[in-house]
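Have the viewer open while you read.

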Amino acid sequence: MTHDTVSAADAGTWLLGDLKVNRIGFGAMRLTGDGGAFHLGTPSDRSRVIGVLRRAVELGVNHIDTAAFYFSRLRSANELINSALAPYADDLVIATKVGPARDASGEWDTAARPDELRGQVEENLRQLGRDHLDLVNLRRMRQESITEHFGALAELRDAGLVRHLGVSNVRPEHLAEAEAIAPVVCVQNRYGIDARAHDAMVRHCAAQGIAFVPFYSIAGQGGEGGAVEVESEQVLAVAEAHGASPAQIRLAWTLHRGAHVLAIPGTGNPDHLIDNLAAGALRLTDEEMTLLDLPSRPTD
C-alpha cells in the first residue's frame, strides 16, 4: 500500500450520535513532545506536527481526540489543531475530555469538581477556536459516582456548548449512571491485546450501539511512555504473515473487536501516520484473532 492509496475510510465508518466518522481517527496526546505524552521528552517540531495533522485530514481522518490538558512546556495539542485545521471542515469531529487538571507547570492538580467543568469546557472552546464542542468525554478520576459530574456536562449540552457526551475510564455502573441523565455516544477505556479488562464493556457497548474508543491500543503496557519494548510471539507472527508492523497488528486487532470500536492512534511522525492509517485495511483471519487472544508469550 502506497502513501497515495492509504485512507482512513478503509476501516469503515460509525456514528457518534448523528456524526459519521471513519473508524480510524487521530489521538492528539503525542503531538506535544517526542518522548511520549504531555511533558515527556523534548517539545515537538511545530511545523512537522502541523503537517501531520493536515496530512491526516487529507487522508480521510475526520475524528480527532484531544484535551486542554494535553500540553508540554512549549506545545499545546489544542493550539496545534487550531493552527493546522481552522477553519474546520464541516465533517471534522473534534472530541475533547474534561475532568483531569494540570497546573501551569504541567503538574497534575486536583481533578475538577462538577462546578469547575464549565471552565474546562470553555478552555477547550477558546483553545480550539470553536463556539461549541462536538463531543466531550467525562474522564472519571477516583470518584465512585459520576452522577454530579455528568449532570453538569448535561447542563452544558442543553445550553448548546456541547453537542454529544461520552465517558472515559468507567465501569458498567458508571455508564448506567450517565445514561440515566443524558445520551452517551461513546466510552473511552484503556484496551488492547494485552489490556483486556474491559472485554465485557466492549460487548455491552456493541449491544447498545455505543462507540467504544480504546486508548493505549498500540502503547500497551508502555502507556504514556509509548509502545511496548518487547512484543509477544503471537503479534510478531501475525505481523510477519501480513508484512506489517506489530503496531499495525495491534490496531487491526482493535478494529476487529467490533464495528463499533474506533481507533485513535496518535503520532507526530508523518511516516507513523501512514502506517497507522494503513492498519485499517488489514483483514485478520479468525485463526489469527484466536492466536492473538491467547495469553501473551514474550519474545526473548
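This is a predicted model: local features need pLDDT of at least 70, side-chain atom pairs count only at pLDDT 80 or more; totals for chains, interfaces and linings use all residues.

Start with the open sheet: seven strands, paired in parallel, in the order β3-β4-β5-β6-β7-β8-β9. The edges belong to β3 (26–27) and β9 (211–212); each has a single partner strand, so one side of each has no neighbour in the sheet.

Further in, β6 (residues 133–139) runs parallel to β7 (residues 162–168), and six bridges link the pair.

## Helix α2 and its cover

Now look at helix α2 (residues 77–85), where the buried residues are Ala77, Asn78, Leu80, Ile81, Ala84 and Leu85. Viewed down the axis of α2, they fall within an arc of 160 degrees, so they line one face of the helix. Their cover includes α1 (46–58), β4 (63–65), β5 and α3.

Gln127 is part of helix α3. Is Gln127 buried or exposed? Its relative accessible area is 15%, and the cut-off for buried is under 20%, so Gln127 counts as buried.

What does the Gln127 side chain pair up with in a polar contact of 2.9 Å? The partner is the side chain of Asn78, one of the buried residues of α2. Leaving out residues up to four places away in sequence, Gln127 touches Ala68, Ser76, Asn78, Glu79 and Asn82.

Methods. Residues are numbered from 1 along each chain as its sequence is written. Side-chain values use heavy atoms; hydrogens and water are left out. Two strands pair if DSSP finds at least two bridges between them. Helices (H or I, at least four residues) and strands (E, at least two) are DSSP runs, numbered from the N terminus. Buried means under 20% relative accessible area, exposed over 50%, partly exposed in between (1.4 Å probe, protein chains only). A polar contact is a pair of N or O atoms within 3.5 Å; within protein, one must be able to donate a hydrogen and the other to accept it, and residues adjacent in sequence count only if both atoms are side-chain atoms. Contact means heavy atoms within 4.5 Å. The arc is that of the directions from the helix axis to the C-beta atoms.
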